[in-house]
Amino acid sequence: MTEAEVSYHAIRNSVAFAEEPELRCLQLTGSQAFDALDAVCPCDIFLQDGQMKHTLLLDDTGIPFADVYVCREGENAYLIGYGSGADEIANWVTYHATGITDFSIVDLGESYDNLTIDGPYAWELCAEVFGPDILGLPYLGMLVLDAMFVFRAGRTGEYGYHLLVPTDQKERWVENLLATGAAFEMARADESVRAQCVLESFFFDINREGQYHLTPLELQLQWRLSSQKTTYPGAEALHTLRHSGWTRRLTCFATPDPVNADAEITCDDEIVGHVLVAGYSPARGDCVGKALLNEPYWHAGLDAFQVGGIPLKTISTPAINNLSLKVSPYRHSFHTRAEDLS
């Protein structure tokens with residue numbers, strides 16, 4: 001198998017390891033740390049200790065510029081995610097937290113490195129390396145193990161853990177992960193393969209469809225917004241769009257052959273949308289992608305489309321049946337997988 005095939009197989013069937021310097025992690029401290037987050041985040045900031053919540057950071061036109069989680073650990077708040085640089089996010093929070101002064105922001109990326117573990121048996125590897133406490137960590141949960149932060153999230157559709165380790169301990173943990181991971185057929189995750197897994201699972205990708213200047217309403221990300229809050233950056237623009245209505249929406253599709261980004265999608269010779277992202281899915285044996293389709297063509301299960309003569313069918317998400325949906329940390333193991341899942 002090629003390196004990319006090995007990487008994909010590891011994410012989907014065992015364990016994959018990646019270093020993600022592009023993952024930002026900001027810590028907010030002070031008596032008004034959560035007030036500052038509440039002022040700038042479009043979601044409700046009701047978080048219990050150790051809880052994470054997926055949301056977005058929006059510009060004044062309602063366009064996402066960062067794909068983030070807000071987190072709570074004790075009295076400290078955290079913003080972790082992808083998109084803009086840490087300094088830009090910190091400055092943006094400070095600027096928009098009008099009248100809120102008793103908080104400070106620390107870029108943990110200056111003293112920590114992120115190691116990401118994905119795969120249906122990621123939990124088992126992490127338990128062996130970091131201890132059994134990780135097994136009790138629920139999805140969208142965080143904990144602190146000694147000097148290390150553990151965020152259970154991930155975007156591939158499989159079990160995922162972001163491990164924020166002190167920079168001076170990074171090499172030791174990498175060596176430990178690689179040594180322990182050999183028994184799990186662990187591979188280093190190729191970034192292009194990770195992006196394909198994100199695509200198959202229909203997770204938002206700030207670096208792909210996030211570059212088309214679309215609102216959360218068009219991106220099918222309304223679930224990351226509060227239905228109650230009315231004051232946050234971009235709120236007025238989204239209110240206007242909700243009132244007037246939007247005429248296009250992101251939809252998952254499949255094609256038998258490759259198609260290019262920005263290609264026109266037609267139905268009975270009428271242009272009804274455009275391809276935004278597409279890629280070959282080894283798990284399916286065809287190509288999957290995300291299209292921006294006009295209303296009323298934006299529904300799943302329609303096969304009346306073409307892209308330059310190639311048939312296109314809209315499909316429900318996720319595009320594959322992730323193995324992590326079948327694997328339970330309380331009953332299964334990588335080492336007995338043949339019997340467990342037979």
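**Figure 1. Contacts across the whole chain.** Among contacts between residues at least 6 apart in sequence, 70% join residues at least 24 apart. This is a predicted model, and its chain has eight helices and 17 strands. With 342 residues, a compact globule would have a radius of gyration near 20 Å, and the 21 Å of this chain agrees with that. The C-alpha trace spans about 60 × 60 × 30 Å along its principal axes.

Figure 2. Of the 342 residues, 55% count as buried. The accessible surface comes to about 15,200 Å², and carbon and sulfur atoms hold 48% of it.

**Figure 3. The largest nonpolar core.** In soluble globular proteins, nonpolar side chains tend to be buried together. The largest such core in this chain has 29 residues, and Ile117, Phe130, Val150, Tyr161, Leu163 and Leu177 touch the most other members. Two or more residues each come from strands S7 (112–118), S8 (141–145), S9 (148–152) and S10 (160–166), and from helices H4 (122–130) and H5 (170–181). H4 gives the largest share, six residues.

**Figure 4. A close look at Leu177.** Leaving aside residues up to four places away in sequence, which neighbours does Leu177 touch? They are Phe17, Leu115, Ile117, Leu125, Val129, Phe130 and Met186. Two of these partners, Ile117 and Phe130, are listed with Leu177 among the core residues that touch the most other members.

**Figure 5. Cys126 within helix H4.** Cys126 sits in helix H4. Is Cys126 buried or exposed? With a relative accessible area of 0%, Cys126 falls under the 20% cut-off and therefore counts as buried. Its contacts, not counting residues up to four places away in sequence, are Ile117, Gly131, Ile134 and Tyr161. Leu177 is 51 residues away from Cys126 in sequence, yet their C-alpha atoms are 8.3 Å apart in space.

**Figure 6. The packing of helix H1.** Helix H1 covers residues 3–13, and its buried residues are Ser7, Tyr8, Ala10, Ile11 and Arg12. An α-helix has 3.6 residues a turn, so residues three or four places apart point the same way. The buried residues of H1 pack against strands S1 (16–19), S11 (187–188) and S14 (270–281), as well as helix H6 (191–200).

Figure 7. The bond from Glu295 to Pro296 is cis, with omega near 10 degrees. Pro296 belongs to the loop between strand S15 (286–294) and strand S16 (305–307). The bond from Thr317 to Pro318 is also cis, with omega near -5 degrees. Pro318 is found in the loop between strand S17 (310–314) and helix H8 (337–340).

Figure 8. Most residues other than glycine have a negative phi. Glu185 has a positive phi near 55 degrees, and its place is the loop between H5 and S11. At 45% relative accessibility, Glu185 counts as partly exposed. Asp268, likewise not a glycine, has a positive phi of about 55 degrees. Asp268 lies in the loop between strand S13 (264–267) and S14, and its 72% relative accessibility is over the 50% cut-off, so Asp268 counts as exposed.

Conventions: Residues are numbered from 1 along each chain as its sequence is written. This is a predicted model: local features need pLDDT of at least 70, side-chain atom pairs count only at pLDDT 80 or more; totals for chains, interfaces and linings use all residues. Side-chain values use heavy atoms; hydrogens and water are left out. Helices (H or I, at least four residues) and strands (E, at least two) are DSSP runs, numbered from the N terminus. The radius of gyration is taken over C-alpha atoms; the globule rule is 2.2 Å times the number of residues to the power 0.38. Buried means under 20% relative accessible area, exposed over 50%, partly exposed in between (1.4 Å probe, protein chains only). Contact means heavy atoms within 4.5 Å. Accessible areas come from the Shrake-Rupley method with a 1.4 Å probe; for residues, only the protein chains shown count as cover. A nonpolar core is a set of buried Ala, Val, Leu, Ile, Met, Phe, Trp, Tyr and Cys residues joined through side-chain atoms within 4.5 Å.
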